[in-house]
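The following paragraphs lead the reader through a protein structure, one group of residues at a time. The sequence and the structure should be kept in view while reading.

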Amino acid sequence: QVQLVESGGGLVQAGGSLRLSCAASGRTFSRYTMGWFRQAPGKERESVAAISRGGNTYYADSVKGRFTISRDNAKNTAYLQMNSLKPEDTGVYYCAAGWIATMNPNQYESWGQGTQVTVSS
């Protein structure tokens, strides 16, 4: 398994931007699909975006056109650029690594500890 550490969360006003980073350990990062997920208080964890090892990207409808997932295999890091943030984007954001190009969280085997994103209105 790979170890993941998220960073970049914080407090931002509605309409603002944040970029989350997910640093991975190990030499197999490039072989993983990387996903971003979030969980708001009192709600279930939901999928946000994923990027396959080949660079194909997938997004939840709620973030299409506002969020961009990317990866830098040389740096063993995945990113989530979040623009036009809304209060409903508030939650703990987790990155995860898996072997299948999917947004199903059950298919991911390694998870980070999460980073808090709070969007004020």
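**A network of charged side chains**

R38 counts as buried, because its relative accessibility is 5%. This value, like every other in the text, comes from a predicted model. Side chains of opposite charge can pair when their charged atoms come close. R38 takes part in such a pairing with D89, as their side chains meet in a salt bridge with an N to O distance of 2.9 Å. R38 belongs to strand β4, whereas D89 belongs to the loop between β8 and β9, so this pair ties together parts that are 51 residues apart in sequence. D89 is buried, as is R38.

A salt bridge also joins the side chains of R66 and D89, with 2.7 Å from N to O. This pair likewise links distant parts of the chain, since R66 is found in the loop between β6 (57–59) and β7 and D89 in the loop between β8 and β9, 23 residues apart. R66 and D89 are both buried.

R38 has a further salt bridge, formed with the side chain of E46 at 2.6 Å, N to O. E46 has a relative accessible area of 35% and is therefore partly exposed. Taken together, R38, E46, R66 and D89 are linked in a network of salt bridges. The structure as a whole holds four salt bridges.

**Aromatic rings and the charges above them**

The next topic is the aromatic side chains. A pair of aromatic rings is described by the distance of the centres and the angle of the planes. The structure contains four aromatic pairs. One of them is formed by F37 and Y108, which are arranged edge-to-face, with 5.1 Å centre to centre and 80° between the planes. F37 is in strand β4 (residues 33–39) and Y108 is in strand β10 (residues 108–111), so the pair ties together parts that are 71 residues apart in sequence.

Charged side chains lie over some of the rings. R45 lies over the face of W111, at 4.5 Å from the ring centre. Elsewhere, the charged end of R71 sits over the ring of F29, 4.7 Å from the centre of that ring.

**The nonpolar core**

Which residues have the most contacts inside the largest nonpolar core? They are M34, W36, L80, M82 and Y93, in a core of 32 residues. At least two residues of this core come from each of the strands β3 (18–24), β4, β5, β7 (67–72), β8 (77–82), β9 (91–98) and β11 (115–120).

Not counting residues up to four places away in sequence, Y93 touches E6, L20, W36, F37, R38, V48, F67, L80, M82, G114, T115 and V117.

S47 is located in strand β5 (residues 46–51). With a relative accessible area of 19%, S47 is buried, because buried means under 20%. The side chain of S47 reaches the backbone oxygen of M103 at 2.5 Å. Neighbours within four places in sequence aside, S47 is in contact with W36, F37, A60, M103 and P105.

S52 lies in the loop between β5 and β6. S52 has a relative accessible area of 6% and is therefore buried. Residues up to four places away in sequence again left out, S52 touches Y32, T33, Y58, R71 and A101. R71 in that list is the residue whose charged end sits over the ring of F29.

A distance of 25 Å separates the C-alpha atoms of R27 and V48, which are 21 residues apart along the chain.

Methods:
Residues are numbered from 1 along each chain as its sequence is written. This is a predicted model: local features need pLDDT of at least 70, side-chain atom pairs count only at pLDDT 80 or more; totals for chains, interfaces and linings use all residues. Side-chain values use heavy atoms; hydrogens and water are left out. Helices (H or I, at least four residues) and strands (E, at least two) are DSSP runs, numbered from the N terminus. Buried means under 20% relative accessible area, exposed over 50%, partly exposed in between (1.4 Å probe, protein chains only). A polar contact is a pair of N or O atoms within 3.5 Å; within protein, one must be able to donate a hydrogen and the other to accept it, and residues adjacent in sequence count only if both atoms are side-chain atoms. Contact means heavy atoms within 4.5 Å. Rings of Phe, Tyr and Trp (its six-membered ring) pair if their centres lie within 6.5 Å; planes under 30 degrees apart count as stacked, over 60 as edge-to-face and the rest as tilted. A charge sits over a ring if NZ of Lys or CZ of Arg is within 6 Å of the ring centre and within 35 degrees of the ring normal. A nonpolar core is a set of buried Ala, Val, Leu, Ile, Met, Phe, Trp, Tyr and Cys residues joined through side-chain atoms within 4.5 Å.
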